[in-house]
Structures are given as C-alpha cells and as structure tokens.
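Me: Please walk me through this model in short questions and answers.

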Amino acid sequence: MSATVEETPARLVMPRFSNCLFLAIIFCLALVVQPFGLSAQTLTARADLRVQDSSISPIWRGVDVQLSLTQGVPFRIKHVNAPHRVIIDFNGLSGEANVDDIIRSQRVTDIGFGQIRAGWSRMVLTLDGPMTVGKSQMRIKQDGSGAMLSFVLRQTDEDGFAAAVEADGRGVALALADTAGVQDSATNVPEQGLTIVVDPGHGGIDPGAEVGSYQEAALMLSFARALGEALIRDGHRVILTRNDDVFVSLRERVSIAHKTQADVLISLHADALSGGRARGATVYTLADEATDAASAQLARGHDRSDILGGVDLVGQDDTVAGVLIDLARRETQPRADRLAELLVGGIKASVDGINSRPRRQAGFAVLKAPDIPSVLVELGFMSDAQDLANLTNPEWRAQAILGLVAGVRLWAAEDAELAKRTRQ
Ligand SMILES: [Zn+2]
C-alpha cells in the first residue's frame, strides 16, 4: 500500500505562544544543556561510575557518600534491615566497576555493585549499625562533564532505621532524580516537576524501520536517553519504558505509565512510510479515526509489531469499564492536544524539518491510557533522506531535544494553572 503524509490539506494550528517564548526557553536550556556535551552523551551507550572521583568518607556521626557518574541517571535509594543496608538502584548505569577502593569509612563494612537486570545496576552498602539517608541529590554538571550523586548517612537508633525501611515500602518511586534546577528561565517548572514516561519505540524482536545500517529502535533508544537526561535536568522525573534493546509490548508501555503514576507519556518514533514522500517531525494524539491514510497506516504498523512480538491483542481495552474510559478521556484529551501543540511549537522553534501538517491523530495503542496525556512524536521518517540525515546528526538531535523540553516546560506551567483554576 502506498500512502504519504502529504495527502490531505493542512489544518492550521495557531499556537498561543509566540515563537519568541520558545526561543527564549530554548536559549536558557541551551546554556544548561550544552548541545555539544549532550550530543557526545547521546552516543554513549550508558553512564559509567567514575570510581576515582567517588568516595564514601567518615563525617561526624555519619558517612558522606559521593558517587561520580559520567552522566546523570534516574536512581532510587532504600533501606534494608538485618543487617542494616542501604541499596541504591541506578537506571541506565553500567554495573561494571571495581568499587572496593571508594570506602574510606569503617562504618560501611562492605560494598557490592553490579547489574541486577536489564538497564538497572545496584550498589549495596552494608552498615555497621543503624544509619539513614538524609536528602539525596543528583547534581548534573552544567558543562556536560557528568553528574554527582550525594547523600549523607546519619546515625540513628533501631526504631529510626525501622521507620526508614517502612517509609521506603510505602512509596518509593520507580525512578527519581533531584537535579539542580534551570535558573533564569522564561517560565518556571512547577516545583515538583512532572513524572514523564519517555517511550523509545520498538526494540528487541521488533527493530522498527530499518534503512541502511540504521534501526529505528536503536535511534529512538539513544534519543530517549538523551531526552530523558535533559528533562531530568529541567526538574522532572523520567522513566524509560525500555533502556535496552528489548521487546516491550504496547500494552506494557501504557501499563508502565500507570504503575509509575506518570503525568505524561511521550512515545518516540521515526518510522518509514512507503511512497517516500512523508517527511518532517509530526506529533500525534489518539483518535479512533485517523486524520489521514498515512497516519492510519502508521498505527496499523505498530499493532503489527506487537503481533510479531507474540502479544495477544484480544481484550486490550477492557481494563476499565467503557464509561469510565470515556469520562477520563474527555478530561485528558484536550490536555494531550495542548501538549502536542506545544511540542510542535518547540520543535518548530528549535530545528528545521517539521512536517507541513505537524499535528495529526490516529489510533495508536500506546496512546490509549485514558487518564494520562499521551503523545507520539514521529521525529522524522527514516524513509526520507533528509530526515534520516537529521535523525543521525547529533547537533540536530540535541536541538530537537531542547525544543521538546521547552514544549514540556510550557505545558507543565500551563497545565498546573489549569488544574488550579479547575479546583477553585
Ligand atoms: Zn516506529
């Protein structure tokens, strides 16, 4: 079947924000994100622990922990009893490093470090008695040279430690990162930031589009990691639906967004379309009826990937009663549409190469969370030579990321205002 994205007449979307505002934010972000530092990171498979710059040192009534990483990653910390231990899980950090030499405090009696499952590594500190973690912070260095996870272990009693273990059990986010905020920006991110699920399309048995030696799944994974880092730097919490070349069903991707109580899901693709005339970044939201034949073809292609991956598609939408889904969608859909508009604005302001009709809709299964504003970004089409050149150009990617982060930031501020007004 032949279809192109140029078939139907353009529907004008008038962004309420001027290009200037996007440019102001992108400029501020650029000061922090350092496109060239970022592009170098984009090509790094994952972050590494810098053993020589890390230390676990004695302080008065406690221990100071400084872990130096080649780039910021989401992490979580928890306390475990019998014996007293503190566990740090890192998302996207290589588990290969000899950490024996970083202990300079006798209060940490043992250290373990290694990969625990795909995409996750773990450090276990065995303590000589009850100590709990104070505020932890992942500081991203502004020159792009890496990140430092810092926290202090403070002496406490058995009750204090037991309380910390219990608190961990009540509500440890899957992934979190405290980051130094962006200063002097045109619009402030709400204090808490958003929980954002970034979804690199395809993976594992399903490589997505393949052109020459390039694979959509691999390109989207490295883009997602870099986008995730940039969003974390802008004050958000980020969860990747996959951080490796593994197959994740579309349903599981939506389920990850629910489990992590995501505020937003952003799915990333760069599909190929037959006909070769589809070009430029396009942002999709969910609709039963696709806006055009090419969009319908894309959504069908994604469902086919799930079938090839061995997923049973029967009963996909039966998780919540239909009427509840409708109610939730009615509230979520305009917010998703607005997010899509602002992402389009951000991309337009940051890079060349946006589709002539960048706001489209189709029945993508990954967008079907009724209660979470979800968008699918086709960053370009690998079937188009210029798009492929953009997608594989570190500078274009870094700029596009700045545009997306700016769009998310504007949406976060606007959506928080909207929520406030609705509550009143
Ligand atoms: Zn795709």
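Reply: β14 and strand β17 (residues 374-378) run parallel and share five bridges. Two strands count as paired when DSSP finds at least two bridges between them. Strands are DSSP runs of E, at least two residues, and helices are runs of H or I, at least four, numbered from the N terminus. This is a predicted model: local features need pLDDT of at least 70, side-chain atom pairs count only at pLDDT 80 or more, and totals for chains, interfaces and linings use all residues. Residues are numbered from 1 along each chain as its sequence is written, and side-chain values use heavy atoms, without hydrogens and water.

Me: Which strands are the edge strands of the sheet?

Reply: Six strands form an open, mixed sheet in the order β13-β10-β14-β17-β15-β16. An edge strand here pairs on one side only. That gives β13 (237-240) and β16 (354-362).

Me: Is Glu216 buried or exposed?

Reply: Buried means under 20% relative accessible area, exposed over 50%, partly exposed in between (1.4 Å probe, protein chains only). The relative accessible area of Glu216 is 0%. Glu216 is therefore buried.
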